[in-house]
Amino acid sequence: MGTCVKHRLTRQRRIILETLRGVTCHPTADELYNMVREQLPRVSLGTVYRNLELLTSEGEVRTLDSLGSRKRYDGNMHPHYHIKCVECERVGDLAKDVVPMIDMTAVQAGGFKVLNLQLDFSGLCAECQKKRESVTSES
Ligand SMILES: [Zn+2]
Ligand SMILES: [Zn+2]
């Protein structure tokens, strides 16, 4: 097989990408593996992982390295920020406009255009807030 298959999306990779793009929960490779197994019953975790790495290097998905101990994947390539729950590590999306001045500031700093911004928020998700409240009211 001498043909270049570098940019051909295999069926597996397409399903992995579509599954990831269809959710907003920023799954880990394990979680995504469990999701795609419904459509790809014979896929292995290693294959899912390898395809995720490939999709990342091709700029189709991005990895969230700084959020928690396990690497998470995001199929949403539109600029946005992340907020992580400090209790359960659930990750939510924040719209880019939460930091409205950043593009202006970069321009003022010498005509820069912001391509990527690493800015992560942490907090408590609604469920974990409720859990904390119930713990304090019991004591
Ligand atoms: Zn939580
Ligand atoms: Zn996201």
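**View 1. The buried side of helix α1.** Let's start with α1, where Ile16, Leu17 and Leu20 are buried (a residue is buried if 20 or more other C-beta atoms lie within 10 Å of its own, exposed if 12 or fewer, and partly exposed in between, with C-beta atoms placed from the backbone). Seen down the axis of α1, its buried residues fall within an arc of 95 degrees, so they line one face of the helix; the arc is that of the directions from the helix axis to the C-beta atoms. On the face turned away from this buried side you can find the exposed residues Arg11 and Glu18. The buried residues of α1 pack against α2, α3 and β2 (72-74).

The model is predicted: local features need pLDDT of at least 70, side-chain atom pairs count only at pLDDT 80 or more, and totals for chains, interfaces and linings use all residues. Residues are numbered from 1 along each chain as its sequence is written, while chains are lettered from A and ligands numbered from 1 in the order in which they are written.

**View 2. The largest nonpolar core.** This core has 12 residues in all, among them Ile16, Leu32, Val48 and Tyr73. A nonpolar core is a set of buried Ala, Val, Leu, Ile, Met, Phe, Trp, Tyr and Cys residues joined through C-beta atoms within 7 Å. Helices α1 (11-21), α2 (29-36) and α3 (45-57) each supply at least two residues of it, and α2 gives the most, with 4 residues. In soluble globular proteins, nonpolar side chains tend to be buried together.

**View 3. Around Tyr33.** Which residues is tyrosine 33 in contact with, leaving aside its neighbours within four places in sequence? They are Leu45 and Val48; two residues are in contact if their C-beta atoms, placed from the backbone, lie within 7 Å.

**View 4. An open sheet of 3 strands.** The strand order is β4-β3-β5, with mixed pairing (two strands pair if DSSP finds at least two bridges between them). β4 (91-95) and β5 (120-123) stand at the edges, each with a single partner strand, so one side of each is left without a neighbour in the sheet. Strand β3 (residues 80-85) pairs with β4 in the antiparallel sense over 5 bridges, and isoleucine 83 has glycine 92 in β4 as its bridge partner.

**View 5. The whole chain.** Stepping back, you can count 5 helices and 5 strands. Helices (H or I, at least four residues) and strands (E, at least two) are DSSP runs, numbered from the N terminus. Buried residues make up 14% of the 139 residues in the chain.
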